[in-house]
Amino acid sequence: MNAVDAVRAGDLVLLPTDTVYGLCGPETEDAARRIAALKGRAADQPIALLFADVEAALARAPRLERAAHLL
């Protein structure tokens, strides 16, 4: 299974780079909670989000704002 298929299936994926690692998953509250738990963070501690471009971030802004209040 590749990373895209794994995320679509609801799994988390570790993305190593030359300087840091990233955890990615579906855009769900459950995935956010699982990432926070894996990183040893409190559920109310922010998680950095990366987007392909400004348009992608703006398209998700209303949903992200709602999700932030639910965590």
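How many bridges join strand S1 to strand S2, and in which direction do the two strands run? Strand S1 (residues 13–16) and strand S2 (residues 21–24) are joined by 4 bridges and run antiparallel.

## Basis of the description

The structure is a predicted model, in which local features need pLDDT of at least 70 and side-chain atom pairs count only at pLDDT 80 or more, whereas totals for chains, interfaces and linings use all residues. Residues are numbered from 1 along each chain as its sequence is written, and side-chain values use heavy atoms, with hydrogens and water left out.

## Overall architecture

The secondary structure of the protein amounts to 3 helices and 2 strands. Helices (H or I, at least four residues) and strands (E, at least two) are DSSP runs, numbered from the N terminus. Along the sequence these elements follow the pattern α-β-β-α-α.

Of the 71 residues in the protein, 11% are buried. Here buried means under 20% relative accessible area, exposed means over 50%, and partly exposed lies in between (1.4 Å probe, protein chains only). The protein exposes about 5,500 Å², of which carbon and sulfur atoms supply 58%. These areas come from the Shrake-Rupley method with a 1.4 Å probe, and for residues only the protein chains shown count as cover.

Contacts are defined by heavy atoms within 4.5 Å. Among contacts between residues at least 6 apart in sequence, 20% join residues at least 24 apart.

## The strand pair

Two strands are taken to pair if DSSP finds at least two bridges between them. A hairpin of 4 residues connects S1 to S2. Across the pair, Leu14 stands opposite Leu23 in S2, and Pro16 stands opposite Tyr21 in S2.

## Helix H2 and its buried side

Helix H2 spans residues 29–38, and its buried residues are Ala31, Ala32, Ile35 and Ala36. They lie on the same side of H2 because they cover an arc of only 135° around the axis; the arc is that of the directions from the helix axis to the C-beta atoms. An α-helix has 3.6 residues a turn, so residues three or four places apart point the same way. On the other side of H2, Ala37 and Leu38 are exposed.

The cover over the buried residues of H2 includes strand S2. After H2 comes Gly40, whose phi is positive, near 70°.

## Ile35 and its contacts

Which residues does Ile35 touch, not counting residues up to four places away in sequence? Ile35 touches Leu12, Leu23 and Ile47. Ile35 lies in helix H2 and is buried, with a relative accessible area of 9%.

Ile35 and Leu12 are 23 residues apart in sequence, and their C-alpha atoms are 7.8 Å apart in space. Leu23, another residue that Ile35 touches, is the residue of S2 opposite Leu14.

## Salt bridges

The whole structure contains 3 salt bridges. The criterion is a side-chain nitrogen of Lys or Arg within 4 Å of a carboxyl oxygen of Asp or Glu. One of them joins the side chains of Glu27 and Arg60, at 2.8 Å from N to O. Glu27 lies in the loop between S2 and H2 and Arg60 in helix H3 (residues 54–70), so this pair ties together parts that are 33 residues apart in sequence. Glu27 is partly exposed at 40% relative accessibility, and Arg60 is partly exposed with a relative accessible area of 29%.

Helix H2 holds the pair Arg33 and Glu29, which are 4 residues apart and thus separated by about one helical turn. Their closest N and O atoms are 3.5 Å apart in a salt bridge. Arg33 is partly exposed at 40% relative accessibility, as is Glu29 with a relative accessible area of 33%. Asp30 and Arg34 also form a salt bridge, with the closest N and O atoms 3.1 Å apart. These residues, too, are 4 apart in helix H2 and separated by about one helical turn. Asp30 is partly exposed, with a relative accessible area of 44%, and Arg34 is partly exposed, with 29%.
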